[in-house]
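This report looks at how parts of one protein model pack together. Please have the sequence and the structure in view as you read.

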Amino acid sequence: MKFACGAKIIGVGAGLPVSVVTNEDLTRLVDTSDEWIETRTGIKERRIVNETESATGLATEAARDALAYAGIEGDTIELVIVATSTPDNLYPSTACQVQAAIGASRAVAFDMEAACTGIIYALSVGQQFIGSGTYKRVLVIGVDVHSRFLNWEDRNTCILFGDGAGAFVLEATEQSDNQMLGTYLRADGNGGHLLWIPNTGTQYPHAGTDGPQPTTRFLQMNGRAIYEFAVNAVPEAVRQATAAAGITVDDIDYMVPHQANIRIIKAAADRLGIKKEQVVTNVDEMGNTSAASIPLALWSAIRRDKVKIPSTMCLVGFGAGLTWGSAVVKWTAVDKRGDAASTSEKAEKAEASIS
Ligand code: ACO
């Protein structure tokens, strides 16, 4: 598609719960072990919200962090898009709450949902609004609090997820300086039953009444089917987005995949011939944070100086729906706070790693 103007990412930010839950902690809830979880998933610990934390709070924190990274004020934002499957309420939207919290009084705000691929979808939508000349600055946030929809007695699922928010700031730029080089989005509703959270919407006839309540409102997953889907979807999305960008997989400096599971990430990277040191991951310390995981992985790596700037990176997501997609981005954004950024207490805890 031909756009009137280009877009570039000028900031990245994170919003994280305070509490760290280790694999060892989970052995007190379900029959599992640190060794099993780490070997099968690569996860060592994750952040989980406490009673006072919420999706809106984490999203607002990520937004403020991304704005500070970009060195801009909230009132310069014209559009706020929040990708989430786990909002605090059906409405108002999380985006409207963030818009008010950051003082983006001129901004339009809405939520959208594409599960773990949500941040890729949201980046693409933001790019369209900038490309059409409608808005010049767009805040894109991915946030999920899956811990509220997990069965903490089910070892198949409760070990996989963490809570968190990640944000990007997109800005209009001259077409010649366009840094959103290519995107690719896909969906296949035929696989909807493979990963879902039942009885949380209007399909359940007694939702919102005192009538009989459902026996489960927990996340349900066919782990093996999702694994198979993901190891095919990631290479496809990376190849298609790089082709759309007019480059090849060999031209990518880094792949920043959705952080579901280290085995999925490694299998997909192998199929693409991408070297281990080019793969950005922090699944060991955050688990699967769904729509937040891609910006959070990049945020961690940048905070630890693990990413060379400028570089060409391929962000790639997959998740419920089924959905999958990718965005090839030239990354030139540096943290306008300089060294001050590394003093954050939470960043000290969040040790990034390149797998
Ligand atoms: N601790 C110990 N044992 C466990 C645990 C656990 N936490 N969970 C399952 N097991 C057991 C199973 O009960 C099973 O035992 P059995 O053989 O006696 O029946 C055994 O381990 C093997 O189970 P499998 O399901 O075959 O294990 P597998 O090697 O497939 O790994 C996993 C499971 C990690 C879930 C894998 O299927 C996977 O990675 N799937 C993708 C999941 C995922 O990433 N989902 C989210 C992606 S999409 C999104 O992000 C929204």
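At what angle do H6 and H7 pack, and how far apart are their axes?

## Basis of the model

This is a predicted model, in which local features need pLDDT of at least 70 and side-chain atom pairs count only at pLDDT 80 or more, while totals for chains, interfaces and linings use all residues. Residues are numbered from 1 along each chain as its sequence is written, and side-chain values use heavy atoms, with hydrogens and water left out.

## Helices H6 and H7

H6 and H7 pack at an angle of about 45°, with their axes 9 Å apart. The two helices are therefore oblique to each other (angles under 35 degrees count as roughly parallel, over 145 as roughly antiparallel, 65 to 115 as roughly perpendicular and the rest as oblique).

In the contact (heavy atoms within 4.5 Å), residues of H6 including Tyr227, Val234 and Arg239 meet residues of H7, among them Arg263, Ile264 and Leu272. The residues of this contact of H6 with H7 divide into ten nonpolar, one polar and three charged.

## The largest nonpolar core

The largest nonpolar core has 46 residues, of which Val234, Val238, Met255, Ile274, Phe318 and Trp324 touch the most other members. Such a core is a set of buried Ala, Val, Leu, Ile, Met, Phe, Trp, Tyr and Cys residues joined through side-chain atoms within 4.5 Å, where buried means under 20% relative accessible area with a 1.4 Å probe, protein chains only. The elements that give two or more residues to this core are helices H6 (223-245) and H7 (262-272) and strands S13 (311-319) and S14 (323-331), and H6 gives the most, with ten residues.

Notes:
Buried < 20%, exposed > 50% of the residue type's maximum accessible area, 1.4 Å probe, protein only. Helix = DSSP H or I, 4+ residues; strand = E, 2+ residues; numbered from the N terminus. Axes fitted to C-alpha atoms, helices over the stretch in contact; angles between N-to-C directions. Nonpolar A, V, L, I, M, F, W, Y, C, P; charged D, E, K, R; others polar.
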